[in-house]
Amino acid sequence: MNPLLYTDGYKVDHRRQYPNQTTLVYSNWTPRKSRIEGIDKVVFFGLQYFIKKYIIEEFQTNFFNKPKNEVCKKYSRRINNYLGENLVGIKHIEDLHDLGYIPMVIKALPEGAEVPIRVPMFTMYNTLPEFFWLTNYFETLLSTTVWLPCNSATIAKKYRKILDKYAQETSSIPEFVDWQGHDFSMRGMAGLEAAIMSSAGHLLSFTGTDTIPTIDFFETYYNANSDTELIGGSVAATEHSVMCMGTNTGEEETFKRLITEVYPNGIVSIVSDTWDLWKVLTEYLPNLKKDVLARNGKVVIRPDSGDPVDIICGNPNGKSIEAQKGVIELLWETFGGNTNTKGYKELDSHIGAIYGDSITLDRATQICERLKQKGFASTNVVLGIGSFTYQYNTRDTFGFAMKATYGEVAGKGREIFKDPITDDGTKKSAKGLLKVTLENGEYKLYDQVSWEEEKQGELKEVFRNGKLLIDEKLSEIRKRIV
């Protein structure tokens, strides 16, 4: 498909709507508002993928490399069938095909950086006057590609801060936090690309994911190599069908087979609430205690239903003593462990727990806090972070928008902006050319600057006229996001 059709329908005729003799359009991509309490900076991530995948690969393969007559005929057919006979025209499309590259400059902050609300992450403008229409033509494709990885990377970093805080307070193995937040989101995301890009944002802060295609994503677009570095990983794990098929009279036989025959070593995660979680914890596991402790590895118990906080930490008002104690306390009663130098209990290394249903930032905090109050280290449990976290967001979660702030008409610059009188200030844009500086470790925006000033600051050229100028590695971005 012609990538020039990856846009909103109203974009295709904006070329004729700009003033006559328009020669330049200068726009920026900015998070304008946070709708998540406690987050006032947004992680920038995903632009390099957008440039490589769409601006370079898609345009080269499905536009520039195809015969001009074929491309233009299909474009005309689609637009005329869509809008009716109109004067959108085809010459500007022919001219772009003849040129053979995208005549654009994109300047950006480094990916992985935390960017304050209302500070641009990147700017872009056309390099040839006849292609002024291209700048904001890309708004739709840019937006639909970039907001999601920024959202997920930001939310993952918030999880990381929560888990790091409690691990520092309660655990002897704070490095375990690398694995404590595990991406479970793939099946609940809005398609494969969304799942991959969200998981990629997650993996900037963690190493655990069940979204396998993300590994290839990083190798293809962010210069990673799974042979020489840990991009992401997981462990062997069961699902309910496995447990149901194993026996219809109880799960103990299935548990024993899994931990002694199928996985006699290493980590295995076993879903444990197909029927009766409390029976698993108070009957089956005590019966299998010797088998569990004899393994060279860890058996991870996975509850999957109910209130995550109460299931893991116990509910004082629970209907049974088991429900009042919760998973971690019951595992401690059977397997014991050690009390670390910080005064908190850590389960024996052969046993652990993971919970991956309906986890949120608030629930993650509650789980860690309630474990702490009970005298347990936060790292006794892994949290599976799924689509309940990553899919329940939109472009408006951080108010992302791409807006033009400067243009040139008949050789003269024009500062442009929007400031709707009916808005609360969220949609008020910057004016003119933009410069972003780094002051005391924080990015700051200056607008209405000169071209000379615009060329300074922290926004660096990453793309110009069909060429990627900065090609970052996953390892570099991970160092930056810490």
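Predicted model: local features only at pLDDT ≥ 70, side-chain atom pairs only at ≥ 80, totals over all residues.
Residues are numbered from 1 along each chain as its sequence is written, and side-chain values use heavy atoms, with hydrogens and water left out.

**Exercise 1. Find the buried side of helix H3 and what it packs against.**

Step 1: Locate the helix. Helices (H or I, at least four residues) and strands (E, at least two) are DSSP runs, numbered from the N terminus. H3 covers residues 68-83 and has 16 residues. From first C-alpha to last it reaches 22 Å, close to the 22 Å expected at 1.5 Å a residue; the expected span is 1.5 Å times one less than the number of residues.

Step 2: List the buried residues. Buried means under 20% relative accessible area, exposed over 50%, and partly exposed in between (1.4 Å probe, protein chains only). In H3, Val71, Cys72, Tyr75 and Ile79 are buried. They sit on the same side of H3 because they cover an arc of only 90° around the axis, taken from the directions from the helix axis to the C-beta atoms.

Step 3: Look at both faces. The buried residues of H3 pack against helices H2 (47-64), H4 (91-99) and H5 (134-137), where contact means heavy atoms within 4.5 Å. Turned away from that side are the exposed Asn69, Lys73, Lys74, Arg77 and Asn81.

Step 4: Step past the end. Just after H3, Gly84 has a positive phi of about 85°.

**Exercise 2. Describe strand E15 and its partners.**

Step 1: Check burial. E15 (residues 400-409) has 9 of its 10 residues buried, so it is largely enclosed by the rest of the structure.

Step 2: Find the partners. Two strands pair if DSSP finds at least two bridges between them. E1 (residues 22-31) pairs with E15 in the antiparallel sense over 9 bridges, and Trp29 stands opposite Met402 in E15. E16 (residues 412-415) also runs antiparallel to E15, joined by 4 bridges. Glu408 has Gly413 in E16 as its bridge partner, while Gly407 has Arg414.

Step 3: Examine the turn. E15 and E16 form a hairpin with 2 residues between them, and Ala410 in the turn has a positive phi of about 55°.

**Exercise 3. Which strands stand at the edges of the open sheet?**

Step 1: Write down the order. The 7 strands run E16-E15-E1-E5-E3-E19-E20, with antiparallel pairing.

Step 2: Read off the ends. E16 and E20 (467-468) stand at the edges with a single partner strand each, so one side of each lacks a neighbour in the sheet.

**Exercise 4. What lines the largest cavity?**

Step 1: On a 1 Å grid over the protein atoms alone, a cavity is a set of points where a 1.4 Å probe fits but cannot get out; lining residues have an atom within 4 Å of a point.

Step 2: Name the lining. It consists of Lys11, Val12, His14, Arg15, Tyr18, His92, Trp133, Asn136 and Tyr137.

Notes: 1 Å grid on protein atoms, 1.4 Å probe; cavity = no way out; pocket = protein on both sides within 12 Å on 5 of 7 lines; lining within 4 Å.
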